[in-house]
Amino acid sequence: MKILKIFQDTKGQSMVETALILPIILLILFGIIEFGRIFNAYIIIGNASREGARHAVVGGSDSDIIGTINYNTSTLDATAISITITPSSANRVRGIAVTVKVDYDVEIVVPLISSILPSPFTLTSRTVMRME
């Protein structure tokens with residue numbers, strides 16, 4: 001009778017299983033959160049480059065384009081954003097292509113993931129439209 005009672009006590013087994021699986025679950029959870037942060041930033045800079053290019057092709061100046069991009073990326077860190085507009089506003093004529101490129105450096109905050117991915121992780125969005 002005592003032998004059956006010894007085999008029914010499984011509290012130690014569940015603690016060991018939890019200790020083994022918890023780091024893996026946490027890594028997956030934090031990986032999902034980091035992916036969400038990076039994907040959100042990518043969507044924002046993609047939209048900002050499109051808005052900036054649209055503003056450029058209808059005759060906006062470089063400072064207006066940069067203002068439009070900064071407005072659309074207001075939720076991101078402004079010091080990590082790099083904007084490139086080619087050609088300059090003096091060289092834009094009807095029919096040529098205008099390229100607006102937005103680069104953003106995302107800081108990886110999860111230590112284990114930052115050892116896998118480069119930190120900062122650079123995102124780039126480029127939009128090309130013809131002048132109207």
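Mentor: Ile25 sits in helix H2, which runs over residues 11-57; helices (H or I, at least four residues) and strands (E, at least two) are DSSP runs numbered from the N terminus. Keep in mind that this is a predicted model, in which local features need pLDDT of at least 70 and side-chain atom pairs count only at pLDDT 80 or more, while totals for chains, interfaces and linings use all residues. Residues are numbered from 1 along each chain as its sequence is written, and side-chain values use heavy atoms, with hydrogens and water left out.

With a relative accessible area of 46%, Ile25 is partly exposed, a label that lies between buried (under 20%) and exposed (over 50%), judged with a 1.4 Å probe and protein chains only. Ile25 belongs to a nonpolar surface patch together with Ile21, Ile24, Ile28 and Ile32, and these residues share about 470 Å² of accessible area. Such areas come from the Shrake-Rupley method with a 1.4 Å probe, where for residues only the protein chains shown count as cover. A patch takes in residues with over 30% relative accessible area and no salt bridge, joining nonpolar side chains (Val, Leu, Ile, Met, Phe, Trp, Tyr) within 5 Å and like charges within 9 Å.

Glu34, which also lies in helix H2, has a relative accessibility of 2% and therefore counts as buried. Setting aside neighbours within four places in sequence, Glu34 is in contact with Glu107, Ile108, Val109, Val110 and Ile113, where contact means heavy atoms within 4.5 Å.

Arg54, too, is in helix H2, and its partner Glu132 is in the segment after S3. Their side chains meet in a salt bridge of 2.6 Å, N to O; the term stands for a side-chain nitrogen of Lys or Arg within 4 Å of a carboxyl oxygen of Asp or Glu. This pair links distant parts of the chain, 78 residues apart. Arg54 counts as partly exposed because its relative accessibility is 38%, whereas Glu132, at 52%, counts as exposed.

Strand S3 itself covers residues 121-130 and holds Thr127, which is buried at 11% relative accessibility. The side chain of Thr127 makes a polar contact of 2.8 Å with that of Ser49; such a contact is a pair of N or O atoms within 3.5 Å, of which, within protein, one must be able to donate a hydrogen and the other to accept it, and residues adjacent in sequence count only if both atoms are side-chain atoms. Not counting residues up to four places away in sequence, Thr127 touches Arg50, Ala53, Val98, Thr99 and Val100 as well as Ser49.

For comparison, turn to helix H3 (residues 62-72), where Ile65, Thr68 and Ile69 are buried. Seen down the axis of H3, these buried residues fall within an arc of 95°, so they line one face of the helix, the arc being that of the directions from the helix axis to the C-beta atoms. An α-helix has 3.6 residues a turn, so residues three or four places apart point the same way. On the other side of H3, Ser63 and Tyr71 are exposed.

The salt bridge of Arg54 and Glu132 is one of 4 found in a search of the whole structure.
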